[in-house]
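Hi everyone, thanks for making the time today.

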Amino acid sequence: MPKPLLKLCGIRTLDDLKIVSSSQAEYIGLIFAESKRRVDPKIVKTWLKEVDITAKKLVAVFVNPTANELTDVLTNLPIDVIQFHGKESYEDIKKVKETFVGTVWKALHHHPKTLEEMHSFKNIVDGFVIDSRMKGQWGGTGVSFDWTAVPQYIKFSRDTNKLCFIAGGVNESNIEKLLTYHPQGIDLSSGIEVDNKKSKDKIERIEERVLEYGDISR
Ligand SMILES: O=C(O)c1ccccc1NCC(=O)[C@H](O)[C@H](O)COP(=O)(O)O
């Protein structure tokens with residue numbers, strides 16, 4: 001099994017960005033939705049003059065964005081992936097894809113009908129992020145879902161040639177368990193934070209576990 005892709009999400013400060021830029025993650029996520037992790041695209045633009053992230057892909061996370069919110073982010077930043085994390089419809093996403101040439105992912109919350117939802121988006125998105133469902137919160141909850149459902153999400157994604165990230169409460173204590181399900185990608189935010197800041201030590205410990213898994217499963 002190849003090493004899963006890593007997405008480190010919810011970068012709030014220049015220091016956070018420096019930390020994740022020196023990590024082994026393939027994707028860096030920024031939140032442009034109501035959240036304690038929300039960032040201003042114009043401020044992020046100034047950070048990118050100081051930190052080279054050209055080796056990584058930049059993911060913009062939105063929740064039911066307006067056209068203006070999308071434009072503000074896409075005109076200021078070199079976004080590779082748009083992650084829709086709200087109640088966006090197939091039509092909403094189709095409209096964005098008319099002008100956005102990058103990759104688009106749909107985040108879906110784990111519940112009994114998630115697989116049906118994946119079916120309904122499969123012809124418009126390039127990938128999925130499956131996250132925990134928590135009342136009143138869209139994401140970044142720090143809570144994990146029942147991972148026995150992960151194989152069905154992975155199978156669907158592989159069968160339809162999509163990428164699937166598993167999100168929600170992944171941390172250094174439970175990532176080994178998640179790795180036993182062989183996810184294509186893992187998305188982390190709360191689990192790589194200490195006092196609301198991204199932690200280099202936590203990220204390194206997580207990377208060690210992911211690399212160990214890569215070695216063992218080869
Ligand atoms: O992280 C947030 O604050 C957030 C707020 C609103 C919508 C989405 C959000 N995060 C999206 C992500 O991709 C997170 O990485 C994902 O939910 C996992 O977060 P966590 O459970 O904290 O690891």
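This is a predicted model: local features need pLDDT of at least 70, side-chain atom pairs count only at pLDDT 80 or more; totals for chains, interfaces and linings use all residues.

Let's begin with the helices. Two packed helices are described by the angle between their axes and the distance between those axes. Here the pair is helix 5, residues 114-121, and helix 6, residues 150-159. Their axes come within 11 Å and cross at roughly 15 degrees. Angles under 35 degrees count as roughly parallel, so helix 5 and helix 6 are roughly parallel to each other. As for handedness, helix 5 passes helix 6 in a right-handed crossing.

Which residues make that contact? From helix 5 we have T114, L115, M118 and H119, and they meet Q152, Y153, F156 and S157 of helix 6. Sorted by class, the residues of this contact are 4 nonpolar and 4 polar, with no charged ones.

Now for the pockets. Rolling a probe the size of a water molecule over the atoms shows where empty space is left. In this model, the largest pocket holds about 440 Å³ of space. Its lining counts 30 residues, and those nearest the centre are R37, W138, G139, G140 and T141. Strand 1 (5-9) and strand 8 (185-188) are the elements that give two or more residues to that lining. By class, the lining of the largest pocket splits into 9 nonpolar, 15 polar and 6 charged residues.

The second largest pocket has a volume of about 360 Å³. It is lined by 16 residues, with T66, A67, L70, K95 and V96 nearest its centre. Which helices supply at least two residues each to this lining? They are helix 3 (67-76) and helix 4 (90-97), and helix 3 gives the largest share, 5 residues. The classes for this second lining are 7 nonpolar, 5 polar and 4 charged.

That's my tour, so over to you for comments!

Methods:
Residues are numbered from 1 along each chain as its sequence is written. Side-chain values use heavy atoms; hydrogens and water are left out. Axes are lines fitted to C-alpha atoms, for helices over the stretch in contact, and angles run from 0 to 180 degrees between N-to-C directions. Helices (H or I, at least four residues) and strands (E, at least two) are DSSP runs, numbered from the N terminus. Angles under 35 degrees count as roughly parallel, over 145 as roughly antiparallel, 65 to 115 as roughly perpendicular and the rest as oblique. A crossing is left-handed if the near helix is turned anticlockwise from the far one by less than a right angle, and right-handed if clockwise. Contact means heavy atoms within 4.5 Å. Ala, Val, Leu, Ile, Met, Phe, Trp, Tyr, Cys and Pro count as nonpolar, Asp, Glu, Lys and Arg as charged, and the others, Gly among them, as polar. On a 1 Å grid over the protein atoms alone, a cavity is a set of points where a 1.4 Å probe fits but cannot get out, and a pocket is an open set with protein on both sides within 12 Å along at least five of seven lines; lining residues have an atom within 4 Å of a point. Grid points are joined across faces, edges and corners, and a volume is the space filled by probe spheres set on the points.
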